[in-house]
Amino acid sequence: MTFLTDFGTQDPFVGIMKGVVLGICPDAALVDLCHEVPPHDIVGGSFLLHTAVGAFPAGTIHVAVVDPGVGGERRPILAEIDGQVFVGPDNGVLSYPLAAAGRCAVRRLSVEAFWRHPVSTSFHGRDVFAPVAGHLAAGVSPDCFGPPLADPVRLEIPQPRVDTAGRVQGEVVWVDRFGNCLTNIPRDLVPDTTTERGGPLHVWVGGRPLGRLVGTFSEVGAGEAGALVGSAAYLELFCNRGNLARDRQVRIGDPVCLRRSQKPSSRRRTPV
């Protein structure tokens with residue numbers, strides 16, 4: 001079972017959720033995925049969840065709580081996506097996993113017998129999502145928690161594109177603790193540098209030239225910037241041994257363009 005939240009680690013909220021799960025299923029294997037999602041950043045949390053779930057085996061339960069609307073009208077849900085189970089608020093935090101889903105079934109969590117009582121209006125992570133996850137881990141079937149839901153909230157996810165000039169256009173969607181800037185340009189949209197004709201591939205961000213596409217961080221010098229396909233299988237912008245986001249003032253939402261520089265002409269000029 002994994003946990004992703006915007007709770008941070010200064011307060012005991014994450015530990016409390018784990019305690020609730022272990023009280024129901026003492027043998028559960030609990031993994032902290034991330035608790036430093038910026039407060040209320042639903043889309044960012046969804047992206048991080050999406051980049052991580054492929055590392056976990058079928059049957060994993062993912063508890064995602066980035067929930068600025070806790071206690072309000074938003075619904076609690078459970079989603080079975082490609083052999084894994086997700087539990088969280090229906091506010092778009094599952095947008096990325098849902099968009100990438102092959103097989104998907106979503107349910108509204110409505111059977112309150114599986115909740116912890118009394119239910120706080122400010123901590124559904126403890127009183128709704130953690131106990132549901134605990135019962136799932138203990139073997140309760142997903143269809144016991146509530147009826148099917150046909151319209152889960154799906155937030156708009158920025159989509160990359162290839163323009164008529166062959167340039168790959170995208171944007172920065174996440175900045176990690178090293179200042180590396182992850183984009184929404186997936187590996188399959190990054191041209192192959194060894195087989196495509198033309199000059200080397202270069203990246204622009206926010207309309208400014210950044211650097212060339214490389215295979216490893218060390219292919220550029222210390223303090224120099226570049227781009228590579230990172231471990232999340234998306235184009236990633238970086239500064240070798242530096243902090244790109246801070247040093248070059250790159251922000252989430254900045255446009256990114258990957259394009260091929262033209263090779264210089266080999267034709268000799270005729271002397272005048």
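Analyst: Ala-100 is partly exposed, with a relative accessible area of 48%, where partly exposed lies between buried (under 20%) and exposed (over 50%), computed with a 1.4 Å probe on protein chains only. This is a predicted model, in which local features need a pLDDT of at least 70 and side-chain atom pairs count only at 80 or more, while totals for chains, interfaces and linings use all residues. Residues are numbered from 1 along each chain as its sequence is written, and side-chain values use heavy atoms, with hydrogens and water left out.

Ala-100 sits in the loop between helix H3 (95-99) and strand S6 (104-108); helices (H or I, at least four residues) and strands (E, at least two) are DSSP runs, numbered from the N terminus. If its neighbours within four places in sequence are set aside, Ala-100 is in contact, meaning heavy atoms within 4.5 Å, with His-50 and Asp-82. Ala-58, by comparison, is 42 residues from Ala-100 in sequence and 16 Å from it in space, C-alpha to C-alpha.

Of its 272 residues, 46% are buried, and among contacts between residues at least 6 apart in sequence, 65% join residues at least 24 apart.

The part to study closely is helix H1 (residues 13-24). H1 has 12 residues and reaches 17 Å from its first C-alpha to its last, close to the 16 Å expected at 1.5 Å a residue, a span taken as 1.5 Å times one less than the number of residues. Its buried residues are Val-14, Met-17, Val-20 and Val-21. They lie on the same side of H1, because they cover an arc of only 120° around the axis, the arc being that of the directions from the helix axis to the C-beta atoms. Strand S1 (2-5), strand S2 (31-34), strand S3 (61-65) and H4 are included in what covers these buried residues.

H4 (residues 124-137) also deserves a look as a partner, since its axis and that of H1 come within 8 Å and cross at roughly 35°; axes are lines fitted to C-alpha atoms, for helices over the stretch in contact, and angles run from 0 to 180 degrees between N-to-C directions. In this contact, Ile-16, Met-17, Val-20, Val-21 and Ile-24 of H1 meet Gly-125, Arg-126, Ala-130, Pro-131, Gly-134 and His-135 of H4.
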